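The report below walks through selected packing features of one protein chain. Please look over the sequence and the model before reading on.

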Amino acid sequence: MTATGVRATDSDVISGRRTLLPLVGVLAAMAVSLTGTRVSAIALPWFALVTTGSATQTGLVAFCEMAPYVVVKAFTGPLVDRAGPRTISWTTDLISAAAAAAVPLLHTADRLSFPLLLVLVALIGAARGPGDLAKDVMVPEAADHGRLPLERAAALAGVTERLAATVGPAAGGALIAFLGPLPGLAVNAACFALGSVIIALVLPRGMGRPAERVPSDGVDTDPSAEPGYWRRFGQGFTFLRGEPLLLAIIVMVAITNLLDAAFSSVLLPVWAKESGNGPSAIGLCASAGGLAAIGGSLIAAGVAHRMRRRLVFFGGFILAGAPRFLILASPAPLWTVLVVFAVGGFGAGFLNPILAAVTYERVPRRLLGRVKALSGSLSWSGIPLGGLIGGAAVASFGLVPVLLAGGAAYFLTTNLTGLRPEWREMDRLRGKGLAPGTPVVPQPISDPDADPEPRAPLTRSVG
């Protein structure tokens with residue numbers, strides 16, 4: 001990825017040749033890696049639940065995967081700039097594959113203790129953070145190669161994520177239901193390995209280079225002139241601190257992600273076990289929501305730019321949040337549960353395209369990796385606690401009271417925070433990204449001591 005504004009990164013773009021291969025490669029790697037992640041999201045908690053019989057230990061497994069993910073990802077932005085997103089992506093995918101494969105191998109050899117399981121799960125999470133970030137960072141560069149607007153490339157990445165969220169749980173639920181959780185973990189390892197191969201061997205030469213080695217006006221930049229790690233990290237933090245809208249999004253999404261993590265890693269598996277529906281119901285619920293979310297994302301890519309973002313954003317959260325908790329707390333049949341998940345998935349499909357468009361409009365390209373690393377990690381900061389809180393709450397109060405409390409918390413979070421004035425900024429800068437057909441022009445790398453690129457003024461009347 002580049003370290004500057006909208007620019008080319010190799011001769012294909014500079015010479016005017018259009019190629020979609022980089023975007024196809026990045027999206028393919030995202031698809032297989034995210035599918036593996038979704039399979040493990042069902043396989044690991046179910047493996048912990050059936051081998052330990054403890055909701056608390058199931059929550060601890062979820063914590064040990066997501067805590068390293070969030071912490072490592074938060075500090076990875078400057079490293080991705082220096083080592084290059086391509087290198088970071090394929091190496092971390094390889095580490096994830098090895099750790100995921102070790103779980104079924106050690107369990108089969110009767111060598112897998114619970115502490116060792118936690119260590120392997122933590123290693124998977126620590127590698128997934130920078131791996132996911134690196135692929136995300138390469139999306140704008142791939143869009144430059146294909147002469148696509150960032151909004152469309154981001155929408156395609158969102159559809160890819162939704163497809164993985166649909167195929168992964170369905171495959172994971174089916175594998176676990178018929179063969180047990182260990183084959184699901186083996187498939188997880190294979191997906192990570194395939195993602196590593198795609199990034200390392202399929203992407204065009206020169207794709208995903210370190211920012212320091214990107215030539216400016218035909219002259220390679222002297223690496224010694226680049227800012228150090230903490231200087232880069234501070235630039236991203238300083239920019240994010242001056243963006244009230246992005247901070248408001250982070251706070252709200254962090255809370256909803258905590259509730260979602262408790263729901264998916266503990267509440268949904270416990271419901272599936274207690275209701276007698278089994279792990280296949282987990283896959284069906286996730287697939288119903290995922291398929292509907294794909295439809296929502298496709299509609300968002302086509303018409304959301306004509307709609308009021310704030311209205312669509314909070315409307316989507318109302319559909320995607322509390323109803324899922326409340327339906328599981330009721331004695332509703334499985335088909336009713338699937339309908340509610342599908343409606344919620346449709347609403348959720350509009351959320352990520354809107355968030356991506358807002359981010360690309362407000363964050364300068366040269367700071368995108370650092371800002372996305374920080375904002376993504378802060379948004380995910382509640383996820384490691386979700387499994388722990390969910391497991392402890394179910395053990396203390398039972399499933400139904402926790403589902404009702406979670407639904408109420410979700411509804412209040414997505415409605416009360418929306419009353420703050422900074423949300424009006426959502427629609428003010430819309431359409432300021434790269435227009436379709438705009439030529440891609442190389443620009444020099446900015447002076448590391450200079451102020452961030454100028455951006456539109458913000459309303460500062462936030463209390």
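Which residues does Ala 153 touch, not counting residues up to four places away in sequence? In this predicted model, the residues that Ala 153 touches on that count are Val 139 and Ala 143. Ala 153 is found in helix α7, which spans residues 150-179, and because its relative accessibility is 0%, where buried means under 20%, Ala 153 counts as buried. Ala 153 and Glu 141 are twelve residues apart in sequence, and their C-alpha atoms are 9.9 Å apart in space.

**Two further single positions**

Asn 188 has its place in helix α8, which covers residues 181-202, and with a relative accessibility of 0% it counts as buried. When residues up to four places away in sequence are not counted, Asn 188 touches Gly 36, Thr 37, Ser 40 and Ala 100. Asp 110, by contrast, counts as exposed because its relative accessibility is 71%, where exposed means over 50%. Asp 110 is found in the loop between α5 (85-108) and α6 (114-146), and although Asp 110 is not a glycine, it has a positive phi of about 60°.

**Packing of α10 with α16**

Two packed helices are described by the angle between their axes and the distance between the axes. Helix α10 (residues 244-275) packs with helix α16 (residues 368-379) at an angle of about 45°, and their axes are 7 Å apart. The two helices α10 and α16 are therefore oblique to each other. On the α10 side the contact is made by Ile 250, Val 253, Ala 254 and Asn 257, which meet Ser 375, Leu 378 and Ser 379 in α16. The residues of this contact between α10 and α16 divide into four nonpolar, three polar and no charged.

**The largest nonpolar core**

The largest nonpolar core holds 94 residues, of which Trp 271, Phe 313, Leu 328 and Trp 423 touch the most other members. Helix α10 contributes the largest share of this core, with 15 residues. Once its neighbours within four places in sequence are left aside, Trp 271 is in contact with Asn 277, Ala 281, Cys 285, Leu 328, Leu 334, Val 337 and Leu 399.

**Aromatic pairs**

A pair of aromatic rings is described by the distance of the centres and the angle of the planes.

How far apart in sequence are the parts that the pair of Phe 325 and Tyr 410 ties together? Phe 325 lies in helix α13 (residues 322-329) and Tyr 410 in helix α18 (residues 399-416), so this pair ties together parts that are 85 residues apart in sequence. Phe 325 is buried, and Tyr 410 is buried as well. Phe 325 and Tyr 410 also belong, with Phe 263 and Phe 341, to one aromatic cluster.

Methods:
Residues are numbered from 1 along each chain as its sequence is written. This is a predicted model: local features need pLDDT of at least 70, side-chain atom pairs count only at pLDDT 80 or more; totals for chains, interfaces and linings use all residues. Side-chain values use heavy atoms; hydrogens and water are left out. Helices (H or I, at least four residues) and strands (E, at least two) are DSSP runs, numbered from the N terminus. Buried means under 20% relative accessible area, exposed over 50%, partly exposed in between (1.4 Å probe, protein chains only). Contact means heavy atoms within 4.5 Å. Axes are lines fitted to C-alpha atoms, for helices over the stretch in contact, and angles run from 0 to 180 degrees between N-to-C directions. Angles under 35 degrees count as roughly parallel, over 145 as roughly antiparallel, 65 to 115 as roughly perpendicular and the rest as oblique. Ala, Val, Leu, Ile, Met, Phe, Trp, Tyr, Cys and Pro count as nonpolar, Asp, Glu, Lys and Arg as charged, and the others, Gly among them, as polar. A nonpolar core is a set of buried Ala, Val, Leu, Ile, Met, Phe, Trp, Tyr and Cys residues joined through side-chain atoms within 4.5 Å. Rings of Phe, Tyr and Trp (its six-membered ring) pair if their centres lie within 6.5 Å; planes under 30 degrees apart count as stacked, over 60 as edge-to-face and the rest as tilted.
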